[in-house]
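Visitor: I'm new to reading protein models. Could you walk me through this one?

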Amino acid sequence: MEEIYDFREQIELALLPRTLARMDSKSIKKLEDALDAHLKASREIYLYGRLLKDMEFHLTLAGLSGNRVQHQTLRLLFDLLYLKYGGNILFSTSMDKADTTHKELFSHIRDNQLAGAKAVLSRHINSVKNHVLSGLEHLMKEKDKAGF
């Protein structure tokens with residue numbers, strides 16, 4: 001799990017310079033639409049919908065780089081996270097925190113602030129990774145207690 005998040009971070013951070021270099025008003029609108037969809041979904045009670053919109057926001061950002069191989073690799077990493085480990089452990093983080101982080105990331109990208117975007121994105125991915133690893137550790141302890 002840790003390796004998946006580390007690889008995800010490498011891909012997403014590596015794509016940011018190219019993404020910012022290619023940004024135009026159409027790209028900004030596309031990312032803003034993905035952000036709005038995420039914000040709307042984060043208010044819903046269904047975890048799956050929130051997961052999809054969160055993933056779509058990150059994939060939209062990656063797709064704006066024009067790098068299809070890394071974009072597809074990132075999509076596969078999300079599939080690994082969702083299919084292998086499921087959403088209940090992975091994404092029980094505060095959606096308010098994710099909302100704030102995504103808004104902050106969008107602002108840095110819109111304003112062409114690469115250093116700020118990288119810092120926010122790295123902090124975001126690492127926060128989720130740490131939360132997930134903690135959740136898995138807790139699950140394993142519960143499993144041991146239950147005698148599975």
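Visitor: Which residues are buried in H7?

Guide: Before we look, this is a predicted model, where local features need pLDDT of at least 70, side-chain atom pairs count only at pLDDT 80 or more, and totals for chains, interfaces and linings use all residues. Residues are numbered from 1 along each chain as its sequence is written, and side-chain values use heavy atoms, leaving out hydrogens and water. Buried means under 20% relative accessible area, with exposed over 50% and partly exposed in between, using a 1.4 Å probe and protein chains only. In H7 the buried ones are Gly116, Ala117, Val120, Leu121, Ser122, His124, Ile125, Val128, Lys129, Val132 and Leu136.

Visitor: How many helices and strands does the protein chain have?

Guide: Here, helices (H or I, at least four residues) and strands (E, at least two) are DSSP runs, numbered from the N terminus. Reading from that end, the elements go α-α-α-α-α-α-α. The count is 7 helices and 0 strands.

Visitor: How far apart are the end C-alpha atoms of H7?

Guide: Helix H7 covers residues 114-146, which is 33 residues. The expected span is 1.5 Å times one less than the number of residues, so H7 should span 48 Å. The model agrees, as the end C-alpha atoms are apart by 48 Å.

Visitor: At what angle do H1 and H7 pack?

Guide: Axes are lines fitted to C-alpha atoms, for helices over the stretch in contact, and angles run from 0 to 180 degrees between N-to-C directions. For helix H1 (residues 2-22) and H7, the axes are 10 Å apart and the angle is about 165°.

Visitor: Is H1 roughly parallel or roughly antiparallel to H7?

Guide: Angles under 35 degrees count as roughly parallel, over 145 as roughly antiparallel, 65 to 115 as roughly perpendicular and the rest as oblique. With an angle of about 165°, H1 is therefore roughly antiparallel.

Visitor: Is histidine 108 buried or exposed?

Guide: Histidine 108 sits in helix H6 (residues 95-110). Its relative accessibility is 17%, so histidine 108 counts as buried.

Visitor: Which residues is histidine 108 in contact with, leaving aside its neighbours within four places in sequence?

Guide: Contact means heavy atoms within 4.5 Å. With those neighbours set aside, the partners of histidine 108 are Gln113, Gly116, Ala117 and Val120.

Visitor: What is the phi of asparagine 112?

Guide: Asparagine 112 is in the loop between H6 and H7. Most residues other than glycine have a negative phi. Asparagine 112 is not a glycine, yet its phi is positive, at about 60°.
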